[in-house]
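User: I would like to learn how to read pockets, strands and ring contacts in a model such as this one. Could we take the features one at a time?

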Amino acid sequence: MIFPSHCKYVGSATDTPYGDRAYFLSRYLVRETAGGTEVLEVKTDPDEAGLMRSVLSARVLAAGDDVYRYPDRVNVHDRTFLVLAAMRSGHRCTVFTGHDEQTTFVLDPDLSGFLRIHVYDITPPRPHLSATLRDLEETGLFGDLEVVFEHHVRDIREIGADVYPCRAAGFTRTLDTDPLRPGDRVAGCLTGRDLVRECYGEGITVENICPLEVVTAEPFIARCCRSELAGLGLRNGRFGMVVHWGASPRTIAEAVVDVVTAWRESDGEGSGR
């Protein structure tokens, strides 16, 4: 796959007002020809000074029916989205235009070099970790990390419990508003379990809904209400990052950077396997 690391390396050449010269940062040129859009790899003269420099060599990477122009303006920093869109296009090369008229392209799209991060969360209410990551991803914040998020969001309604953790999720009976009855089956995390035992003893069944309990893949990022469990480490023998239940977007973003950095520094051997 060829996917320029930044749009500043991609020039747009509709004609030749400066002769056979190109902007000194340009490594690639996208231009329109009689046969359609053409994408070239170019090398400018490093010994020259000035903004426009002589082109020493040019190689056509894709042309004609191999090239597809994506019809909508895009965030050129959301690299995962661009690769996925290029894969869906059915063409070898997809050319994208940014909101500020930047140009970039993806040739022979392939996500195999991107790191897959497993996200563990629950719903309802809104799965804060998973939803925040989706929002941040759309801004292009993680573009340079080249990651793909695989979301594992458990719907706790499927448990069929009598009592759920809190009224924010809209359940009829919840731990924070209703007393428990003998024989009640409660859906709760570690904190919920401790609360039930403290207030009602051992006679109430608590179904564990903590996202950490279902971690099966690495690297991961998961949400937990216990502050003492936050941070990098092994959970269920898998390496990843735990963030607090109400972590801010900044904390979540930093957690992604930390887990990616740690994983890659260990050459993908985070669990010691």
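**Pockets, a strand and ring contacts**

Analyst: The second largest pocket has a volume of about 370 Å³, where a volume is the space filled by probe spheres set on grid points joined across faces, edges and corners. This is a predicted model, in which local features need pLDDT of at least 70 and side-chain atom pairs count only at pLDDT 80 or more, while totals for chains, interfaces and linings use all residues. Residues are numbered from 1 along each chain as its sequence is written, and side-chain values use heavy atoms, with hydrogens and water left out.

User: What lines the second largest pocket?

Analyst: On a 1 Å grid over the protein atoms alone, a pocket is an open set of points with protein on both sides within 12 Å along at least five of seven lines, a cavity is a set where a 1.4 Å probe fits but cannot get out, and lining residues have an atom within 4 Å of a point. Here 21 residues line the pocket, and P165, C166, C189, I209 and W245 lie nearest its centre. The elements giving two or more residues to this lining are β9 (115-123) and α3 (190-200), with helices (H or I, at least four residues) and strands (E, at least two) taken as DSSP runs numbered from the N terminus.

User: How is the largest cavity lined?

Analyst: The largest cavity, with a volume of about 30 Å³, is lined by H77, D78, R79, T80, E137, G140, F142, G143 and V147.

User: Why is strand β7 largely enclosed?

Analyst: Buried means under 20% relative accessible area, exposed over 50% and partly exposed in between, with a 1.4 Å probe and protein chains only. Six of the six residues of β7 (residues 93-98) are buried, so the strand is largely enclosed by the rest of the structure. In a regular strand the side chains alternate between the two faces of the sheet. In β7, C93, V95 and T97 point one way and T94, F96 and G98 the other.

User: Which rings should I inspect as an edge-to-face pair?

Analyst: Rings of Phe, Tyr and Trp (its six-membered ring) pair if their centres lie within 6.5 Å, with planes under 30 degrees apart counted as stacked, over 60 as edge-to-face and the rest as tilted. A search of the whole structure finds eight aromatic pairs; one of them is the edge-to-face pair of F142 and F149, at 5.4 Å centre to centre and 70 degrees between the planes. Both F142 and F149 are buried.
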